[in-house]
Amino acid sequence: GKMGLNFTLINVEITDSLIAVHHKPFLQSGRIQISIDLKGIYKGEIVVKDLIFEQGDLNMFVQKDAYTNLSIFKSKAQKEPEEGGKIKDGFVNQLGNIGFINFGIHFIDSMTNKSYGAKFHDTRIGITHTDSMLIGHLKGDAFFDGLVFKPEKGGFLVHQELNMNIVLGYDQNEKYLKVYPSYIVTNYRDRINLKGGFDLDADSLPQFHMQFNAKNIAVKNALPLLTERIHKQIDSIGIQAHVNTEVKMAGYLSPNMPKVDVYFKTDTFQYVLPMGTFRNMVAEGMYTNQSDTTQVPSVINAGIKVPGMKGFFETIPIWLDLDVKNFRFPRAKIKASLKADSTNLGGLLDASRYDFPNGKITVDLGFEGSLKNFYNAKSDSFDGKLGGVIKLSHVALNDKTKKIHLSKINGKVVFDEKAFVFEDLRLSDGQNNLFLKGKVVDLVPYLLGSTKPL
């Protein structure tokens, strides 16, 4: 038959020997519920079926002098694993389920400046055992303070409410913590899948790798899950869309920044510029904080590449390649190509007044400079270099209000940020064949908001 014991501990506090110095209790809990299975008591086996912590906190720390309050668990004679890797009579090996109700768990390492913390609203961890493995299945809700590897870079999951369904496995022989395919659900009801592992072998510097992916998640909802610095770097591009994304992190559990790669593929989005709007754009690209793999990950080494972006500039089809590097002083390189004909040229002008009966226009341009602030209207300065060519072939233009009809417009216009130069531009007004050669100065600043006359 079954034999067990259930009891509750009230207002529990556990401290280490230096509590009078640092004043930080290791554990405080308003109530701890314990359920013990006694069916093996005659063999000396007692199994804790359930251990539920309520209304409190578990605070672990490492001081700058290397002292840790985890030392309360150390004894003079540490038990060694038996052959096969199983630790006989270890407490965790005799534990079935752990629960946390309104209970916080926090860790601060003042030697490496790392910190991790969360408040678990109602979370359960089911534990199973093999000869050398402990497997825990964590389910429940928690509010994360953050996972901070480097304070000056910001933390991951800072002030984020999450629902978790995570499976962890710890190999006691290899000192390896595996994150099996699992998922979390954010406060915005976005599901994020995750997996990875932590090599905790004490004989070498601990390493980790993690992988996250999500489908159809809004960029504005995904960015807060990343560090503040990465958040700002990606947000500086100014693209708001729903994306399929995959994030890969790898590095050492050390003060050094881990490598972070973010692959993304967007749904359609818009991007507004003073001269017009990019519409129904689709992009697929990669962000990394280690553009140069011979250098360490850093904000200076960060970059984003988006080749083959496509959509429409107003009504005209457009293709772009985007490359941004050095997010401390971010600069963008853009190559773009537009191809317009009589079916879509009207979208650039007032359709009630103008129409294009026939013809084709192609535009090829290159840009290098600031992506969001490439023109300052107050100082009348252009932060970057622009260059390109416009080719017109058999274009016809009608001005309905003034009854002006131009046709046979052929030629080429070369431009940069300072001027548009007309090279051998030919057209007909129906009675005369006309030839135009010259340049227009400061047209680009004018299109971007300058009050200076052309």
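User: What is the relative accessible area of R279?
Analyst: R279 counts as partly exposed, a class between buried (under 20% relative accessible area) and exposed (over 50%), found with a 1.4 Å probe and the protein chains only. The relative accessible area of R279 is 30%.

User: On what kind of model do these values rest?
Analyst: Residues are numbered from 1 along each chain as its sequence is written, and side-chain values use heavy atoms, with hydrogens and water left out. Local features need pLDDT of at least 70, side-chain atom pairs count only at pLDDT 80 or more, and totals for chains, interfaces and linings use all residues, since this is a predicted model.

User: What is the mean pLDDT of the protein chain, and which stretch falls below 50?
Analyst: The pLDDT is the predictor's confidence in each residue, from 0 to 100. Its mean over the protein chain is 84, and 87% of the residues reach 70 or more.

User: How many helices and strands does the protein chain have?
Analyst: Both are DSSP runs numbered from the N terminus, with helices (H or I) of at least four residues and strands (E) of at least two. By this count, the protein chain has four helices and 27 strands.

User: What percentage of the residues of the protein chain count as buried?
Analyst: The protein chain has 454 residues. The buried residues amount to 41%.

User: With which residue does R279 form a salt bridge?
Analyst: A salt bridge is a side-chain nitrogen of Lys or Arg within 4 Å of a carboxyl oxygen of Asp or Glu, and the structure holds 10 of them. In one, 3.2 Å from N to O, the partner of R279 is E314.

User: How far apart in sequence are the parts that E314 and R279 tie together?
Analyst: The side chains of E314 and R279 meet in a salt bridge. E314 lies in the loop between β17 (303-313) and β18 (316-325), and R279 in strand β15 (residues 276-282), so the pair ties together parts whose separation is 35 residues.

User: How many residues apart are K385 and E417?
Analyst: The side chains of K385 and E417 meet in a salt bridge (3.5 Å, N to O). This pair links distant parts of the chain, with K385 in strand β24 (residues 384-399) and E417 in the loop between β25 (404-416) and β26 (419-428). K385 counts as exposed at 54% relative accessibility, whereas E417 counts as buried at 10%. Their separation is 32 residues.

User: Which strands hold K412 and E423?
Analyst: A salt bridge of 3.9 Å (N to O) joins the side chains of K412 and E423. The pair ties together parts 11 residues apart in sequence, because K412 lies in strand β25 and E423 in strand β26.

User: Which side chain of opposite charge is nearest to D171?
Analyst: D171 is in strand β8 (residues 160-171). D171 is buried yet has no salt bridge; for charge, Lys and Arg count as positive and Asp and Glu as negative, while His and the chain ends are not counted. The nearest side chain of opposite charge, 7.5 Å away, is that of K175.

User: What is the phi of K175?
Analyst: K175 is found in the loop between β8 and β9. K175 is partly exposed, with a relative accessible area of 33%. Although K175 is not a glycine, its phi is positive, at about 55°.

User: Which residue has its backbone oxygen 2.6 Å from a polar atom of the side chain of S182?
Analyst: S182 lies in strand β9 (residues 176-186) and is buried, with a relative accessible area of 5%. Leaving aside neighbours within four places in sequence, S182 is in contact with residues including N165 and I192. The backbone oxygen in question belongs to Y180.

Notes. Polar contact = N/O pair within 3.5 Å; in protein donor to acceptor, adjacent residues only side chain to side chain. Contact = heavy atoms within 4.5 Å.
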